Amino acid sequence: MSWSEQGTELVDAIFGRRADPVQDLSDQADTVARTCHAMALRFHQGGTLIVFGNGGASTDAQHVAVEFVHPVIVGKRALPSLSLTADVATLTGVANRVGLSEVFAHQLRFISDPADIALGISADGECENVLRGLRYAHERGLLTVALTGGHGGRIARDPSIDHVIVARSDDPRVVKEVHVTAYHILWELVHVFFEHPGVLDEEVTA
Amino acid sequence: MRRDSAAEGTEAMESLYPFLYARDTDLNAVLDQVRQSTVDKSREITALRATVLDRDRSRLAECAEAVAAAFAAGGRLLAFGNGGSSTDSQDMASLFLSPSSGERPLPAFGLTNDIAVVTALSNDIGFDVVFARQIEAWGQRGDIAAGLSTSGNSANLLRAFDAARERGMVTIGISGYDGGKMAELDSIDYLFVVPSPSVHRIQEAQTTVYHALWELTHAALSWR
């Protein structure tokens, strides 16, 4: 078989692998909606969105932060967000002194406020440092949100996490793509709640 | 990190325009709207990926073969972009250099990785040269330049592609909308345009494009 035949067949297979996990995200629309509402409440109270992850997810953390701070849609307001992975000095410093599993918990301990939101991203749901960061955040009173993949991993089952969205695929690239769609949706739909300020009163419940 | 400006801003607007802020406590209605929007956006991205596949199936395979040939001859990948696309370009570079599932690591760098270099070039010369100057410093004949932009109009990408072409590099552009000014350049060997009016959907499909290129490159390396 020539490369052009083999290559184009593979392209079809690669693109085909994306459809079901995206449909699965669509099926989690209720979780997405409740997560957006909880995040909007925290922003309304003055909270900051703090994002973290390893490897490819570290770039997602930075993507989320820029999304909220510098909205691409004209007229949407800037919301406070920061990525823990942008601070390479602190990351490598803590990793070198204490170990990689403590990096995010350390940063959260000294940077976060109880009104904030902690968003941990882990493609397999097993990242120890993400889990420790989210557990610490929960103890401190932050809203905790996780984007995981595969079968959800330890992070998806941890009781310290308030909202979990799982990208159900064994391919880490597909998981990442579903995560990108998920955080784009979270960003855009958080703003829908700001258009209805009445629903941001604490006593309003669905 | 506590900031009260968001809440204060809403209150200030309410006192100015009370008629616009009649208490809307119908949380269920808003949740319904948000759920429906999630379903709609999921549908949009799946349809957009199908469009990209239809347009670029063969060119993705051709591009991957050229990238595989460049790596096989000792080439390196230099990836670049601004804002959200800078995170995608860093992700693309890291995917080649440090794949999470056991594939062979290949040499790759993100040109936004080093904030000292980016701010030095921006401050001393201008933001338009941040990628072109790094390509002039680093790039060699046979290397690969990959630039991502949703608009296709970023001046620093346009200059980078021209610099890469002068060096004899393989050039790959990933853009959105109608391709923007990147579509007018003759310095891009392989241009992939994601046709959507949404910046978000464009970025999501662009991620698929570079993920597909990575997977196809490994397949092409094994096929060689």
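In this predicted model, 50% of the 224 residues of chain B count as buried. Chain B holds seven helices and five strands, and read from the N terminus its elements follow the order α-α-β-α-β-α-α-β-α-β-β-α.

Chain A can be described in the same terms. Nine helices and five strands make up its list of elements, arranged from the N terminus as α-α-α-β-α-β-α-α-β-α-β-α-β-α. With a radius of gyration of 18 Å, close to the 17 Å given by the globule rule for 206 residues, chain A is therefore as compact as a globular protein of that length. Along the principal axes, the C-alpha atoms of chain A fill a box of roughly 60 × 45 × 35 Å. Of the 206 residues in chain A, 58% are buried, and 68% of the contacts between residues at least 6 apart in sequence join residues at least 24 apart.

The five strands of chain A form an open, parallel sheet with the order S2-S1-S3-S4-S5. Strand S2 (81–83) and strand S5 (163–167) of chain A each have a single partner strand, so these edge strands are left with one side lacking a neighbour in the sheet. From one strand to the next, the twist averages 15 degrees. Further in, strand S1 (residues 49–53) of chain A runs parallel to strand S3 (residues 117–122) of chain A, and five bridges join the two. Within this pair, A:Gly53 is found opposite A:Ile121 of S3(A). Helix H9 (residues 172–194) of chain A packs on the sheet, where it touches S3, strand S4 (143–149) and S5 of chain A. The direction of H9(A) makes about 145 degrees with that of S4(A).

Another helix worth a look is H6 (residues 103–111) of chain A, whose buried residues are A:Val103, A:Phe104, A:Ala105, A:His106, A:Gln107 and A:Leu108. The cover over these buried residues of H6(A) includes strands S1 and S3 together with helix H5 (88–97) and helix H7 (128–140), each from chain A.

Turning to the interface, 61 residues of chain A are in contact with 57 residues of chain B. On the chain A side, at least two residues each are supplied by helix H1 (3–16), helix H2 (19–27), helix H3 (29–44), helix H4 (56–69) and H9. H9(A) provides the largest share, 11 residues. By class, this side of chain A divides into 29 nonpolar, 22 polar and 10 charged residues.

One helix pair spans the two chains. H4(A) packs against helix H3 (residues 84–97) of chain B at an angle of about 180 degrees, and the two axes are 9 Å apart. Angles over 145 degrees count as roughly antiparallel, so that is how H4(A) and H3(B) are oriented to each other. From H4(A), the residues A:Gly56, A:Thr59, A:Asp60, A:Gln62, A:His63, A:Val66 and A:Glu67 take part, meeting B:Gly84, B:Thr87, B:Gln90, B:Asp91, B:Ser94 and B:Leu95 in H3(B). The residues of this contact of H4(A) with H3(B) comprise two nonpolar, eight polar and three charged.

Methods. Residues are numbered from 1 along each chain as its sequence is written. Chains are lettered from A and ligands numbered from 1 in the order in which they are written. This is a predicted model: local features need pLDDT of at least 70, side-chain atom pairs count only at pLDDT 80 or more; totals for chains, interfaces and linings use all residues. Two strands pair if DSSP finds at least two bridges between them. Helices (H or I, at least four residues) and strands (E, at least two) are DSSP runs, numbered from the N terminus. Axes are lines fitted to C-alpha atoms, for helices over the stretch in contact, and angles run from 0 to 180 degrees between N-to-C directions. Two residues are in contact if their C-beta atoms, placed from the backbone, lie within 7 Å. A residue is buried if 20 or more other C-beta atoms lie within 10 Å of its own, exposed if 12 or fewer, and partly exposed in between; C-beta atoms are placed from the backbone. Ala, Val, Leu, Ile, Met, Phe, Trp, Tyr, Cys and Pro count as nonpolar, Asp, Glu, Lys and Arg as charged, and the others, Gly among them, as polar. The radius of gyration is taken over C-alpha atoms; the globule rule is 2.2 Å times the number of residues to the power 0.38. Angles under 35 degrees count as roughly parallel, over 145 as roughly antiparallel, 65 to 115 as roughly perpendicular and the rest as oblique.
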